[in-house]
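I opened the model to look up a few side chains and the sheet around them. My entries follow in the order in which I made them.

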Amino acid sequence: MTADTHRLSACPGCTEPVEPADLYCGACGLNLSSAAAPEADTPTVALQTRDDTPSAAAPAPGPTSAESSADGRAEPSTDSYVLQPPAPRAADPRASVAAPAAPRGAAGAAGATACVACRAGRVDGDGYCENCGHAQPRERDHMEQESGPVAAVSDRGLRHHRNEDAFALTAAALPDGTPVSVAVVCDGVSSATRPDEASAAASRTAADTLREALPRGTHPQTAMHEAILAAARAVDALAGEPAAAREHAVQQNAPACTLVSAVVADDLLVIGWVGDSRAYWVPDDRSAPARLTEDDSWAAQMVAAGLMSEAQAYADERAHAITGWLGADAYELEPHTASFKPDRPGVVVVCTDGLWNYAETAEQMAEILPADAAARPLHSARVLVGHALDGGGHDNVTVALVPFPGPGTGAGSG
């Protein structure tokens, strides 16, 4: 990983928030490497290079084991789990604890002729005002989608100058007609070049692969493994684009992102991931919420090796340095997959660290998830994003909610 080019938290020219790895301000184009260097915030996702590997610990294990294939790629685990609480207790309905995040009004801004700042200048093709130079709102600043029983919301947050997260929702059916719900969430690695493109390519490719594989009779866990490999190839391909695409980021790494995905098919829940984006299980009765993923991160390695407590590891400035990601300069790719058979209805929360930084434990996630999340997934996703923004919004925040069990035959829309 290249050294930070500056330690600014805001652009000296226009005061727009910037990240330590940014070479130019996304709002006004100022060259940040020549500016003064006040202390900056630590990025929440930092990329390690091959020479940066923590030497004291092996990668943290996920919920399932993985076997290596002849070509060096990890094979999907065949382990499955029954999510069952130690003892049932009374339902604990909770009201919404945060107001929904208001959309930034980005829709239609790209086609507007007047600047939203000075109201006088014309907006050029790059999205900047030709009069005052102000960057116009972008469509990805705030995104929402509801697809049948599944919903997702993504927001730029309060500190980043762009949204580097992405999500994709889709529906499919097994050969016997059983409906399947799919959600994919990706977090672009800020220290890499074009992380927003990486997350968009990975989420779209993974969802498309799952939608095509499941109707052919491919087991959902095998399909998940194949989807992650396909997403990795899509991100790898971005590194092969012309050098002109990277002229303003010559010192950065290849495009990269994390990925987490959930598939709900009848009584089966399959999770797949690479990196530190997470999936949580929250039963409707809140009896035993659980985190379903293990981070590919420095902090997780330290905890797994017994070198630090979880509190100590996540308090360290290196905590969010990821050890697994999708990208051309990644280590040997080892997709994690796990299958579960929950014994009661609930909701799967699929999210980036922009959310779980403000609700890290499964119990905390259950506390902020509205009681009617299964019936109102879009509203509930807005509530979770609002919780992250109310907490400071230091990172992009994306969350998808997938009710379990999925809709029966004829229920819901694809």
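Entry 1. I began with a charge over a ring: Arg-278 lies over the face of Trp-356, 3.4 Å from the ring centre. The term requires NZ of Lys or CZ of Arg within 6 Å of the ring centre and within 35 degrees of the ring normal. I noted that this is a predicted model, where local features need pLDDT of at least 70, side-chain atom pairs count only at pLDDT 80 or more, and totals for chains, interfaces and linings use all residues. Residues are numbered from 1 along each chain as its sequence is written, and side-chain values use heavy atoms, without hydrogens and water.

Entry 2. I looked up the aromatic pairs, and the structure holds 3. Rings of Phe, Tyr and Trp (its six-membered ring) pair if their centres lie within 6.5 Å; planes under 30 degrees apart are stacked, over 60 edge-to-face, and the rest tilted. One of the pairs is Trp-281 with Phe-404, edge-to-face at 5.8 Å centre to centre and 85 degrees between the planes. Trp-281 is in strand 11 (residues 278-283) and Phe-404 in strand 17 (residues 397-404), so this pair ties together parts 123 residues apart in sequence. Helices (H or I, at least four residues) and strands (E, at least two) are DSSP runs, numbered from the N terminus. Both Trp-281 and Phe-404 are buried.

Another pair is Tyr-314 with Trp-356: the ring centres are 6.3 Å apart and the planes stand at 90 degrees, so I wrote it down as edge-to-face. Tyr-314 is buried as well, at 17% relative accessibility.

Entry 3. I then traced the open sheet of 6 strands, with the order 5-6-17-16-11-12 and antiparallel pairing. Two strands pair if DSSP finds at least two bridges between them. Strand 5 (142-147) and strand 12 (290-291) are the edge strands, each pairing on one side only. Trp-281 stands opposite Ala-290 in strand 12.

Entry 4. Last, I asked what Leu-378 touches beyond its neighbours within four places in sequence. Its contacts (heavy atoms within 4.5 Å) include Glu-144, Ala-151 and Val-153. Leu-378 sits in helix 7 (residues 377-390) and is buried at 14% relative accessible area. The C-alpha atoms of Leu-378 and Glu-144 are 7.9 Å apart, although 234 residues separate the two along the chain.

Technical notes: Buried < 20%, exposed > 50% of the residue type's maximum accessible area, 1.4 Å probe, protein only.
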